[in-house]
Amino acid sequence: MAWNPDSNNEKAETKEMDIRNLSSSQFHVHSESNLHKVAVPPKQNLFQEFKSTMKETLFADDPLRAFKDQPSSRKFILGIQAIFPILEWGRSYTWRKFRGDIIAGLTIASLCIPQDIGYAKLANLDPQYGLYSSFVPPLIYAFMGSSRDIAIGPVAVVSLLLGTMLSDEMDPKENKAEYLRLAFTATFFAGVTQATLGVLRYYLLGFLIDFLSHAAIVGFMAGAAVTIALQQLKGLLGIKDFTKNPDIVSVMQSVWGNIDQWNWQTIVIGVCFLSFLLFAKYIGKKNRKFFWVPAIAPLISVILTTFFVFITRADKQGVAIVKHIKQGINPTSANQIYFSGEYLKKGIKIGVVAGMIALTEAAAIGRTFASMKEYQIDGNKEMMAMGAMNIVGSMTSCYVATGSFSRSAVNFMAGCETAVSNVVMSCVVFLTLEFITPLFKYTPNTILAAIIINAVIGLFDVPAAILIWKIDKFDFVACLGAFLGVVFQSVEIGLLIAVIISFAKILLQATRPRTALLGKIPSSTVYRNIQQYPEATRVPGVLIVSVDSAIYFSNAGYVRERILRWLMDEEEQVKAACQPAIQFLIIETSPVTDIDTSGIHAMEELHKSLQKKNVQLVLANPAPVVIEKLHSSKFTDIIGDHRIFLTVADAVSSCSPKWVEEEV
């Protein structure tokens, strides 16, 4: 038979006319005997549901698992070990571990002593208070903490935050005694905040910390590093009249407005030894075998500069020195904490903020080094340990202590085995307070400034910022906002901006969830996002939409409108391409983890809108909570149980015309 092109054209036109004239009556529902029905979970009574929810919310990690089926005596021992983990791991402590801890403890002690003196100045406190905070808190943590690697003591960010917030309330020079009492009060309530989080569990109050996203913390830390470094220009340049404002504009005006106060001897000492410290840090990073070089460099710098100033009497030439550090261990300060009066509320406010920041930093440090050694830290034990050490610290003349990243890194590389390295460090600090502090009299302030600048450089995490930019632009906005807020305003403003932007992101994601059109992956029964998989084909006459969020009051209206907008766009494309009209709208509900009454009401309105367009609503794979609520609200009666399927493939096969099934 000869080929007739006209006859083929006629067949094609006939098929096109058939497609155009398809009506809803031409769509059919197959026999459901071979399809699985969506099961409704057994209904729990109110008490069981409440009990299950509370257990999952507050005790998701089942902390009492170890106590099950144990005799009373064993439960008592386990309870004591839960509070004091040292009683558990201490039984397997060996001489080999002790050797590693001694080396690590001595190494971090050589780093912490000069750092603590400088950090105390950031908090506008006398130098000895920095050393006090590396004596008592590490001892408490060693008994109660679960991290093997974290090194406890004052840190730059918390010291700056505390100093800034305390200075906003009173002048540290004019009201020295009251300022010190407020610092102890803030430390006490920082500890109470941390311990409360441990008692009430992270799952209940952890959202307070979770509002500080990783991106916000990266920006906040970098901004704090800039602010801290700028504050050290006073000591590095020898300026006497320096601004109290932490923002970069005020600092630069103070620096360039007081050029006549610059002291060239101070600058030479500071710049030379800052270069030495940076070179030592470079050597340590270049070869990990020389980790001890950057650890010992600050102490060597202090010894050399102190000796140099003493023999040359450079202090007579305008080089500012420490002058006096009180000798002896921590005096009690329990009677100096404000438990009433106007300063109580101020102490609580400052303590809560400082406690949160300190806890966030310590948690990040603990998780980092625990993952390197492949062990788990107990978040609640960490919070309890941090809280206890700051509560006790506030009563022994300490200010807020937490995990220090620089010390913890040195502790890790020095080969620490357990928290005993903190005990060794504490013992060295004790000996320093008892016998060595008079030797720091001629230590120049410029070397302390150089040590702090060298320490805070590590807070700049440029690779992390670049990665944040590549992954999520909104996260980068939070990072940049926190950074600029700290640098151009203050630590508190930067922190507030970070929380606001992070909160805005949560609201945006909650109120504007992602939706997507799904198509069929060739040679499979899998349906995926057509943007992610361009090869995925759409099913004629059927629109498949995925909603990637719970549907509740804050987003129900948006979800309904967005689905209708998908339908309108699809109908326009179908009409332009002369394809069959949309007869079924399938919603892939497996990502929908929950739905509330507003969400169900929105689904009812969506169903009514679709009925006006002669489009049937179909649901695929609803979660247990969702299907239970849909049944309870009688929504399943409205659309019919036969319109709810276990998979998208089942829904498509039941709602597609025969000739479409043969093609797809």
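Tutor: Helices (H or I, at least four residues) and strands (E, at least two) are DSSP runs, numbered from the N terminus. This is a predicted model, in which local features need pLDDT of at least 70, side-chain atom pairs count only at pLDDT 80 or more, and totals for chains, interfaces and linings use all residues. Residues are numbered from 1 along each chain as its sequence is written, and side-chain values use heavy atoms, with hydrogens and water left out.

Student: Which residues of strand β3 are buried on each side?

Tutor: Strand β3 spans residues 515-520, and six of the six are buried, so the strand is largely enclosed by the rest of the structure. In a regular strand the side chains alternate between the two faces of the sheet. Both faces of β3 are covered: one side holds Thr515, Leu517 and Gly519, and the other holds Ala516, Leu518 and Lys520.

Student: What is the bridge partner of Lys520 in β4?

Tutor: Two strands pair if DSSP finds at least two bridges between them. Strands β3 and β4 (residues 527-529) run antiparallel and are joined by three bridges. They form a hairpin with six residues between them. In β4, Lys520 has as its bridge partner Tyr527.

Note on methods. Buried < 20%, exposed > 50% of the residue type's maximum accessible area, 1.4 Å probe, protein only.
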